[in-house]
Amino acid sequence: MAQRDGFTSTFGVLVATLGSAVGLGNIWKFPYLTGTNGGAGFLLVYLLATLLVGLPVMIAEIMLGRTARANAVSTFEILSPKQPFWKAIGYMGLVAAVLILAFYTEVAGWVFAYVVKSLTGTLGHTDPSSAKATFGTLVSSPAQALSWQWLVLVITGGIIMLGVSKGIEAVAKKLMPLLFLLLIALCVRSLTLPGAAEGLRFLFAPDFSKIGTGVLLTALGLAFFKLSIGMGTMLTYGSYFRPEQNIPTTAARVMVADLSVSLLAGMAIFPAVFAFGFEPAAGPSLVFMTIPAVFDSMPGGRIFMTLFFILTAIASLGAMLSILEVPVAMMTERWSYSRKKATLITLAVVALLGAPASLSQSLTQDWKLFGLNAFDLFDYLSSNVLLPLGGILICLFVGWSYGIAKLSAGLSNDGQLKNRPLVRTLFVLLRYVSPLLIAIVMLKALGIF
Ligand code: TRP
């Protein structure tokens with residue numbers, strides 16, 4: 001058998017995994033969800049969800065992938081040959097991957113469009129109404145919305161076809177460090193705007209009256225989404241980890257870095273929102289309206305604005321690569337498809353499913369299910385249903401079927417891990433705490449109890 005592709009260095013593993021975690025979830029979702037759900041109160045709930053559920057599930061997923069060295073379906077077949085039903089986790093992940101890509105590539109398409117618009121100078125305005133108009137024209141034009149989405153699909157697919165080390169890892173190594181630098185520069189600019197304090201107060205002053213069960217589920221869903229867990233992404237990346245990589249440390253680093261990016265993005269956006277009189281609870285369009293305004297108000301702003309959108313495009317790209325890799329790894333390993341064939345098939349399915357999502361502000365705006373248009377439905381179904389459900393099943397698998405002995409062995413990098421208390425804590429979280437928390441939050445939010 002040919003040598004399986006994988007990440008080639010410790011740094012490569014870290015940036016690729018971080019590249020998966022950092023994405024539109026940080027720069028686009030996190031700020032607007034925090035803005036609409038009570039600022040620091042939401043942040044606190046989000047942090048709890050990350051520590052009690054996110055981190056344990058992430059470590060479990062990576063461990064499973066690295067132990068089996070296979071895609072998300074085959075991993076369960078290999079690790080649990082006597083209980084074939086665990087494979088369902090992998091297939092659920094496949095569905096979630098396609099659903100997420102269907103709306104994610106649309107938002108990424110807006111980002112790519114804004115890169116071009118800022119380059120050509122058609123974005124410079126600080127007043128809310130023209131910023132709204134520019135965004136409105138883009139999302140309500142069927143031709144524009146579709147072609148930007150397809151461009152994103154082609155770019156992502158092209159990199160995936162290059163492979164794991166030469167595609168995913170190579171791109172992440174070049175682009176992730178840049179992303180951090182620019183975000184910091186952006187924050188400095190935003191925090192020195194007049195009125196910045198009000199934005200910070202909005203982001204950090206807790207309003208616990210907003211924290212209902214719906215918000216709990218939103219925070220939990222966001223934790224899954226931002227950490228790329230619950231659908232086999234981390235499992236698939238784990239299968240490319242090097243044997244000596246310390247999994248808990250890597251996962252913890254990724255979590256902290258991911259959180260920092262989210263906070264930086266929040267601190268770059270909210271001060272500007274208040275400085276220029278935008279609506280902090282604007283929802284998904286928030287970033288697209290405020291960022292051009294921040295930059296327009298400073299010397300050399302256009303260059304910074306262009307860079308910001310380029311870097312957001314980069315962040316979204318790293319995340320999309322990791323989502324696309326899930327079905328591609330499955331098809332190449334299970335059905336012996338070439339990477340090219342597997343990629344093209346997945347892209348075709350995503351393009352089909354993604355069309356109603358990207359037209360949901362124009363041609364398909366009346367297509368509603370449960371009162372949600374295609375875009376919101378895909379988002380809700382994946383983040384609030386499939387990912388948490390996948391998370392529960394992964395916890396149950398490790399906690400009740402796989403067991404602590406194998407968990408410990410899986411984490412112990414060729415016998416290196418001696419930290420018993422860590423493994424025990426992790427096991428208790430995976431066996432009882434995380435699945436119970438997810439189940440309670442999900443059932444409550446869905447109105448079942
Ligand atoms: N974490 C990415 C973000 O924040 C999105 C993402 C990548 C993802 N892979 C995933 C979400 C797997 C859920 C599952 O933008």
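This is a predicted model: local features need pLDDT of at least 70, side-chain atom pairs count only at pLDDT 80 or more; totals for chains, interfaces and linings use all residues.
I began with Lys 226: one of its backbone N or O atoms lies 3.1 Å from a nitrogen atom of the ligand, a polar contact (a pair of N or O atoms within 3.5 Å). Residues are numbered from 1 along each chain as its sequence is written, and side-chain values use heavy atoms, without hydrogens and water.

A backbone N or O atom of Gly 25 is 2.8 Å from one oxygen atom, and for Ala 21 I read 2.9 Å from an oxygen atom.

How much of the ligand does the protein bury? Taken alone the ligand exposes 370 Å², and 100% of that is buried by the protein (Shrake-Rupley areas, 1.4 Å probe).

Then I checked the shell, meaning residues with a heavy atom within 4 Å. There are 17 residues around the ligand, and Ala 21, Gly 25, Tyr 104, Phe 225 and Ser 228 come nearest. I sorted the shell into nine nonpolar, seven polar (Gly counts here) and one charged.

Last, confidence: the protein chain averages a pLDDT (predictor's confidence per residue, from 0 to 100) of 89, and 97% of the residues score at least 70.

Note on methods. A polar contact is a pair of N or O atoms within 3.5 Å; within protein, one must be able to donate a hydrogen and the other to accept it, and residues adjacent in sequence count only if both atoms are side-chain atoms.
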